[in-house]
Amino acid sequence: MTAPTAPSGSRALSPARGVVLVARREMSTRLRSRSFVIGTLLTIAVIAAYVGFMYFMGNSASRINVGLTGQATAVAEPLKSSVAALGKEVETRTVPDPETGERLVREGELDALVVGAPGALKVVVQKEIKDQLRAALDGLTRQQVLDARLAEAGLNPVEVNREVAGARVAVSTLEVPDPQQDQRKVLAFASLFLLFFSVQTFGTMVAQGVVEEKSSRVVEILLSTVRPWQLMLGKVLGIGVVGLVQLLIIGGVGLVAAIGGDMLTLPDAAVGTLVSVLGWYLVGFLLYAMILAASAALVSRQEELGSVLTPVLMLLMVSFFVGFTLLQNPNNKLVEVLSMIPPFGPVLMPSRIALGVAPGWQIALSVGLTVLAVAAMAWLGGRIYANAVLRTGARVKLRDALRAK
Amino acid sequence: MSVPEALLEIDRISKRYGDVVALRDMSFEVRAGEMFGFVGSNGAGKTTTMRIALGVLAADSGEVRWNGAPITFETRRRIGYMPEERGLYPKMKVAEQLAYLAELHGSGSAAARRAADVWIERLGLTEKRDEEVQKLSLGNQQRVQLAAALVHDPEVLVLDEPFSGLDPVAVDVMSQVLREKCDQGVPVVFSSHQLDLVERLCDRVGIVRSGQMVASGSVAELRSGTTERVMVDVDGAGYGWVDELTGVRVVERQGSRAVLELGDGVDDQVVLRAASAAGRVREFAPHRPSLSELFRNVVTEEAAA
């Protein structure tokens, strides 16, 4: 048995191929890893459960079950239409007698039991009456009283009612109202959360990967054949793609579930938001991953990682919490300003886009500044990484990493 | 197949860390088919020299040349390297890891997988092929580490302490593989503290002290400068008779045996006759110092100087 002999083939390894090989290893090992598969499935399960829950709650909570008995059965139709005008649905049923009705209310089968003549309705509820039901019943009772008085006064109640119904206040709006505001808020929150979650998860993964190579010393073998920038870029890109795949799966599943569950009736806006989230993830992830990779290169053990990652992840956290204020006030000035400045922009801007409150120039400015920041961090981070990654032992001071040749 | 001309030259490399001189004008060369042993105390500069040769560390001055031309990032890829601090991805499977490293050194992916399998079989790792490196025994991890240095079919091998931590069987496998690569025309440099092993395997040896090469050459050449010694075993008589011979002294005594140092121009036959006169001679032979002794001499000489 002899050792294999040299088929001295070409040993050329273009810089791009070096990066691709490193990135490919990251993708193939991480996409197959148990944590990735389980994490993705778990997230999908959470989304499905949430959408299902909302769908169920939406169906049961918006409907009021009312039992009618005796003369009160006559108000079934007017009750339905006036509650519907207040944004709720009423399901009416006739019960044989008040006793049965009361029992059903006590058992929770009915939300309310209505008895009595149309002019003097009485309602039995368990603890409290739903506002819409009370308003509708009050209205019906008043109408009865009013109609009786009008008839006494010799007026035709039908005519008077028509005239009354026609009298309206004239409303002029200063801004075009957006009937889809609530849905847009859902999209905005989803964007905010997905970006925060993905950038944090996969940015941390980059940092852990850098320290893994450093603590296992494999980096010394790697750097005898590829340059530090190739290793760093390959790692960032490879893990970035893994994050993109997960985002696509989660976003896609969420979208389909939300549309299927009637939570979103704006498929175009929703798809647009998903595309924007994917794009912003790319620039945002690149920015944070470069900073995190450089920071991680300063330490040699996973245990020390927290101390260098925390300041960077705090920036991400701040962006996330500031973003919440958008749900209260989409035109929040602070968020408007921060959404144009890296490193906050990539997390905040997509929410503002989803809300439809971001002018084109602001989006362009935010993209431009973020791309510039990515370029700057690639240079600076690459330098820190190259100078620090082979120094094992004590934590490398940032100043030393920047100063070394 | 003609053996390609291969020559690794380390030419006057210096490196200092602040006030500490790590290397001062370190020079040596290793040719095709030659095995070069690099010995020295801890901190003498062996690892620093190897890391500079691999480009992992930059020298302050001096040059590393491969086949006469200054070594570049591209030509470094032809070196097979085993760092002192062993390093592999703990959670990557053996075969995948080796194929990846081969590709990273410029092999095509099919060739890389083939080479990984060849070395896995050659080093007796077939059953561990699809196991994560972290789950292997220390000895098997060392074998994978050697495979990692060889899998891209390097034209020169630079191995930092390849034998440390190996069990006797693995030492034999390692020695055999290195010898084979060497016979194929691959220059091999390795450092070791196991001097008997270095003496047995290496064609040439370099002794390093405080960042400088203090002696280099074949073991025979290193010996040539030393004084002649004989080992004698004389029954019962003690060694009082030695004092009567001029230019001869006892260097070492163990029971009835002694090592004598013979000064310039002393005839060993005269010594033998004196020994026979003193008692019954059981053994009388020239004593050749081992590499360990040579090493100790060189290092202490320097320290005294």
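Modeller: Take Phe163(B). Leaving aside neighbours within four places in sequence, Phe163(B) is in contact (heavy atoms within 4.5 Å) with Val171(B), Met174(B), Ser175(B), Leu178(B), Phe190(B), Gln194(B), Leu197(B) and Leu201(B). This is a predicted model, where local features need pLDDT of at least 70 and side-chain atom pairs count only at pLDDT 80 or more, while totals for chains, interfaces and linings use all residues. Residues are numbered from 1 along each chain as its sequence is written, chains are lettered from A and ligands numbered from 1 in the order written, and side-chain values use heavy atoms, without hydrogens and water.

Now the core. A nonpolar core is a set of buried Ala, Val, Leu, Ile, Met, Phe, Trp, Tyr and Cys residues joined through side-chain atoms within 4.5 Å. Buried means under 20% relative accessible area, exposed over 50%, partly exposed in between, with a 1.4 Å probe and protein chains only. The largest such core has 142 residues, and Phe163(B), Leu98(B), Phe190(B) and Val205(B) touch the most other members. Helix H10 (residues 267-296) of chain A gives the most to this core, 17 residues. Another core lies apart from it, with 27 residues, including Leu8(B), Phe36(B), Val189(B) and Met213(B).

Next, a helix pair. Helices (H or I, at least four residues) and strands (E, at least two) are DSSP runs, numbered from the N terminus. In chain B, H5 (residues 138-150) packs on H6 (residues 168-183) at about 10°, axes 11 Å apart. That makes H5(B) roughly parallel to H6(B), a label for angles under 35 degrees. Axes are lines fitted to C-alpha atoms over the stretch in contact, and angles run from 0 to 180 degrees between N-to-C directions.

From H5(B) come Arg143(B), Leu146(B) and Leu150(B); they meet Val169(B), Ala170(B), Met174(B), Val177(B) and Lys181(B) of H6(B). Met174(B) is also one of the contacts of Phe163(B).

Asp153(B) sits in the loop between H5 and strand E7 (156-160) of chain B. Its phi is near 50°, a positive value in a residue other than glycine. Asp153(B) counts as buried, at 11% relative accessibility.

Key:
Parallel < 35°, antiparallel > 145°, perpendicular 65-115°, else oblique.
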